[in-house]
Each structure stands twice: as structure tokens, then as C-alpha cells.
Amino acid sequence: RSLEETLVQLVGHSGADAKSVSTQLENIMICSQHRLGRVIQDYVSIFEATYSLPLPPEGSDFDDTDMARGPYLTRYVAFQGMHDVLSFIACFSGNFIPSLFKRVSSQLSEQLCVTTFRRVLFPRIYPTLIRLYTVAFKDEDELLSSKMEQFRVLSYRDVALQVGIEEEMWNQLEGIEKSGNQGDGQISLDLVHPLDDAVTSLQEIASCSSPEEKLGVLKQTANIIETRLSKYVSSFGADEFLPIFTFVLATSNVDGQNLVAQFRFIEDFVGNDIHYS
């Protein structure tokens, strides 16, 4: 009750900033003594108990939908778990959270409440949830990994040409990279990646636990590429950008991070306010 009283006082105070209100909402959502915090805690416990399952025995003929021989984490179960989380999050959309605080429901921002809820929920379920995505999209990730493996025997220049970067553009990229290195300018780009800062940025994606954070990594990577492009192209669009992004992806050695699963996680769970912007 004291947590809720503090929230009421904050919302009623004209000088209260959104960060303070969000912090107090978060305190409520992680408190097992508050009804909202208890609901979230109970869901997390049920989700973990339901979907923290072993994989089917290697080489078994286990039917994807057959639960009679024991609970295993099959693709069917993984998709069930993903949809369970989507449904749970949908329950907290709109005016649901503000309506729980009747004294200030009209003053609480729906978007602030939903954003805070997602910030509390995702770190608590992420390890199990991303495992569901890894299982659900295992075949797609293995296919991507095999394709990326083929690039490893090629020079950076050959990879660039393979993914559609025009030779003239590559030469300009190469020139920018060489001009930034000390020495006689003869450094091979087979040893020095021309977009190593973009690669480093992209490699951060697996360490993030929320779709917004992962999307932020993609935006950061895109910004690095755009900054590099702007050094030698006065205007550019998708025709210039996408091949370079593909080049960064193909040479980033992040295939072991289940990129298909990571991207599908972002697509499914990124907030609607970002989805439609």
C-alpha cells in the first residue's frame, strides 16, 4: 500500500517527471506483496515451470506433438510458449495497468505503464523465451549458418562482390579504411575489416534481453554504416545500404548467436509504437 501511495503522490505532483513515475511503477511490479507484482511473479514462475524442458533425445523419432512419452521442448511446444507470452503481454496493453490505480488512472500514461511492464518482464523470462525461439527456428538458423560458413573462405573483397556491393563502391570503402591506417597504405583488407566498428556493434545483439535493446543494436549498426556511406556518397538509399549491411552480417561471425531466432524475437515483441513508426 505504501508503494501505491507513493505513486499517487508522484503522479499528483505537478513537478514529477516520467522517470520517477516509471521507477515507482517498476517498484510496484517487482513487489510480490502488491497485486500487480504478484501477477507478474506468478506468471514468470508458471512460464519457467512449463517451458524449461529438456530437448528430445538426439536421433529419436519423437513426434513433435506427441506428449505421451514425456514433456520435451519440441518446435510445437516452443511455438506454444512464444504465443503464451504474446497473449500475456497483450493483457497489459491499453488502459489495463492505469485502471488498477483508480485514484490516478486518468493521469497515468498508458505508454509509460506498458513500457515499464515490458522492462520488468523481459529480463525475467528472456533466457527461457530466447531458448524457445532457438528451438523454433533451429532449421532456419542452421541454413543461415551454412551460408555464412561459405563466406569464411573468401576475401572481404570477394564477399563484397558476392553480396552485391559494386566494385567502385568497394574501392571507396577500401580507400577510406586504408587512409585511416598508419603505414604505407598497403594493408590488406583481408586482414583489416573495412567496417569493423559495425561488426562490433552487431555482435552486441545476443547480450540484450529485450526487443527494444536488440532493435537499438540494429539501429546503431545501421547508423555506423550510414555514417560511413555519407563520407563518399552524397545521397543513398536501400540499393546502396542493404548490400553493405548484408556484407557486415556475412562477415561478422555471429552465426552462432542464432540470428534468425534473434530477429524473429524482435519482430514478434517490439512494441507497437516502434512497429508502426
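In which hand of crossing, left-handed or right-handed, does H11 pass H13? In this predicted model, the crossing of H11 past H13 is left-handed.

**Packing of H11 and H13**
- Helix H11 spans residues 211–229 and helix H13 spans residues 259–269; their axes lie 9 Å apart, at an angle of about 120°.
- That angle makes H11 oblique to H13.
- On the H11 side, the contact is made by Pro211, Glu212, Lys214, Leu215 and Leu218.
- On the H13 side, Gln262, Phe263, Phe265, Ile266 and Phe269 make the contact.
- Sorted by class, the contact of H11 with H13 comprises seven nonpolar, one polar and two charged residues.

**Aromatic pairs**
- The count of aromatic pairs comes to 18.
- In one of them, Phe122 and Phe269 have ring centres 5.6 Å apart and planes at 80°, so the pair is edge-to-face.
- Because Phe122 belongs to helix H6 (residues 110–136) and Phe269 to helix H13, this pair ties together parts that are 147 residues apart in sequence.
- Phe269 is also among the H13 residues that make the contact with H11.

**Confidence of the prediction**
- The mean pLDDT of the protein chain is 84, and 84% of the residues score at least 70.
- Confidence is highest in helix H3 (residues 35–51), at a mean of 96, and lowest in helix H14 (residues 272–275), at 62.
- Over residues 178–189 the pLDDT stays under 50, and the model has 11 contacts beyond four places in sequence for this stretch.

Note on methods. Residues are numbered from 1 along each chain as its sequence is written. This is a predicted model: local features need pLDDT of at least 70, side-chain atom pairs count only at pLDDT 80 or more; totals for chains, interfaces and linings use all residues. Side-chain values use heavy atoms; hydrogens and water are left out. Axes are lines fitted to C-alpha atoms, for helices over the stretch in contact, and angles run from 0 to 180 degrees between N-to-C directions. Helices (H or I, at least four residues) and strands (E, at least two) are DSSP runs, numbered from the N terminus. Angles under 35 degrees count as roughly parallel, over 145 as roughly antiparallel, 65 to 115 as roughly perpendicular and the rest as oblique. A crossing is left-handed if the near helix is turned anticlockwise from the far one by less than a right angle, and right-handed if clockwise. Contact means heavy atoms within 4.5 Å. Ala, Val, Leu, Ile, Met, Phe, Trp, Tyr, Cys and Pro count as nonpolar, Asp, Glu, Lys and Arg as charged, and the others, Gly among them, as polar. pLDDT is the predictor's confidence in each residue, from 0 to 100. Rings of Phe, Tyr and Trp (its six-membered ring) pair if their centres lie within 6.5 Å; planes under 30 degrees apart count as stacked, over 60 as edge-to-face and the rest as tilted.
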